[in-house]
Amino acid sequence: MKKLLALVAALGFATSAWAGQIQLTGAGSTFIYPAITKWFEAYDSIDPNVQFNYQAIGSGAGIKEITDKIVDFGGTDGPMTEGQMAAAPGKIYHIPLVMGAEAIAYNIPGVGPGLKFTPDVLAGIWLGEITNWNDPKITAQNPGVNLPNMPIIVAHRSDGSGTTFIFTHYLSSVSPEWSSKVGFSTSVSWPVGLGGKGNQGVSGILTQNPGSIGYVELAYAIQNKIPYGVVENSSGNFVEPTVEATSEAASGVPIPADFRASIVNSSNPKAYPICGFSWMLIYKNMAGEGAKGKALVDFAKWAVTDGQKISAQLDYAPLPSDLIAKIMKTLDKISY
Amino acid sequence: MKDLVLKSFDATRLRREIWDKVMVVVLFLCAACVLFILFIILWHLIARGLSSLNPAFFTHLPKAVGESGGGMANAIIGTFVLLLLAVGVGVPLGLGAGVYLSEYAHQRFAQTVRFMTDVLNGVPSIVFGIFSYTVCVLPMKSFSAVSGGFALGLMMIPMITRTSEQFVKMVPHQLREAGLALGLPKWRVITGIILPSAIGGIMTGIMVALARVAGETAPLLFTAFGNLHYTQSLMQPIAAIPLQIFNYAVSPYSDWHRQAWAGALVLIVIVFIINIWAQYFVYSRKRWSAGK
């Protein structure tokens, strides 16, 4: 009994030693997970009194938890729908944190990076109509590449995902068949394929299964050395997913005041067609949350300015400067 | 004639003996298989996990996604905190119910409660997680260590109830009668005589229940939630080894896979220690009851 008391006392002492630090909890998007944890690490030297705990449970779950006010902020790459906004107990701001490209990554024995994909081929593969790597529709675009006679293993996300939202939104905008049969959402009923949980899970499927293809946030493909292809954009150019090609996708696209914009299939001839924003979800009214509101706003302001250099190292595209100015104004409207 | 009878008798005996031998071998193989499975798991864990165990694993926090290094210090502490909380929930309720069933309950009521605890014991662990999410996380507006400990504690209740009921019942009736004859009230008999006599078995039950919930992941997913840092208060999300293993194992990063193996090894060692501890209580039961 004495031992137990001593243990409890020690625990109490240990926890009180940390008191005074603010801990903010966030959940959602796996798309931004590599960037946001990198930011947390760097932000520790800017404000050591704030600790961040972010769990990458998928955009769909992130939206649910912020709506229930279980977490202090959410992360999503698919904007909340009007219905979801109405269901939340207060006004939620979508704060763009980064832009990112989705790589069409694959694992084909003997085939290196840079395979060319047209929108038709991508829709065909995910609709289950193109089932073999030596299908003439794929080989026609890739003369000189020795594509094997191998069945295609299609990978997709199993959880509610903003990455899925961006990808299906892209497919819906290039393929009328996809648009009518499947449509776009954070989770859809997939015609074919294996589901992986999170960008991590899809990357796992890709590294472990020869013949597989999937869509993952670019950082995951690069970090895991999974080869990825170039995709034909709306102007007929084959473009590699890069920071520049993602930035191009946003230039010329009008961004609405609530920042819920889609930049897939951009009309810009230099743009990579499958990219999107990743948003932080914050309540407009953070009063009554103590020091959390200010800490969160300060962090968001740092992330969209100084933080952009850090995320660029992980191949996330920096936000355009005129957009940053608008974001700062919105962040100033948050009350705490 | 006599010869013939003997012969057929011999044949029957031989057949039976062969069958007997064959079945013994089959059963032996089953037993060996059980051992083999345990050893193959252990071997895998040691082969993959041992090389990843270093001081940093026990003292450092996890690194940013995709970066090598770091450790699971927060998850190791988190698991112990969660188990302590689970004991706080599970032991009073389970023990109380066990004593009531053995000492007070009417036969029919006791039968019903016993049946219900068995049902409760079979409830999938994720359901305890969802329950705790609904009654703890949603009203408190936060994932927390408390909600995780609550979910694990609930899981322990049926196991502790059944074992403590059994061990309390095993205390000889004469001891109770002796106590009552000395004029002790019933509650004094229970706290002063019965519980000390049964404490070894009760502790074993608690330890076995603890070992079972120590490795649970599902009830923690939406309660304890996980934490990248040390938890500052019990009302905040907290890391736990099984959660960390789950997150790391599904990731595409080889360094995280390495750490997941190391985490699994640490977890199984913790469970082993608790189990051995439980055995210790069984063997030292006499000493405990003689103590006071």
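**Exercise 1.** Find the residue of β8(A) that A:A105 stands opposite.

*Solution.* Start at A:A105: facing it in β8(A) is A:G214. Now step back to the strands, which are DSSP runs of E with at least two residues, numbered from the N terminus, just as helices are runs of H or I with at least four. Strand β4 (residues 92–107) and strand β8 (residues 212–217) of chain A run antiparallel and are joined by six bridges; two strands count as paired if DSSP finds at least two bridges between them.

A word on the model: it is predicted, with local features needing pLDDT of at least 70 and side-chain atom pairs pLDDT 80 or more, while totals for chains, interfaces and linings use all residues. Residues are numbered from 1 along each chain as its sequence is written, and chains are lettered from A and ligands numbered from 1 in the order in which they are written.

**Exercise 2.** Trace the open sheet of chain A and name its edge strands.

*Solution.* Follow the eight strands in the order β2-β1-β3-β11-β4-β8-β6-β7, with mixed pairing. Then look at the ends: β2 (50–55) and β7 (194–196) of chain A each pair on one side only.

**Exercise 3.** Which element of chain A gives the most residues to the side that touches chain B?

*Solution.* First, 29 residues of chain A are in contact with 22 residues of chain B, where contact means C-beta atoms, placed from the backbone, within 7 Å. Next, list the elements giving two or more residues: α1 (2–16), β1, α2 (33–43), β2, α9 and α10 (218–223) of chain A. Finally, pick α9(A), which gives the most, with six residues.

Terms used
Contact = placed C-beta atoms within 7 Å.
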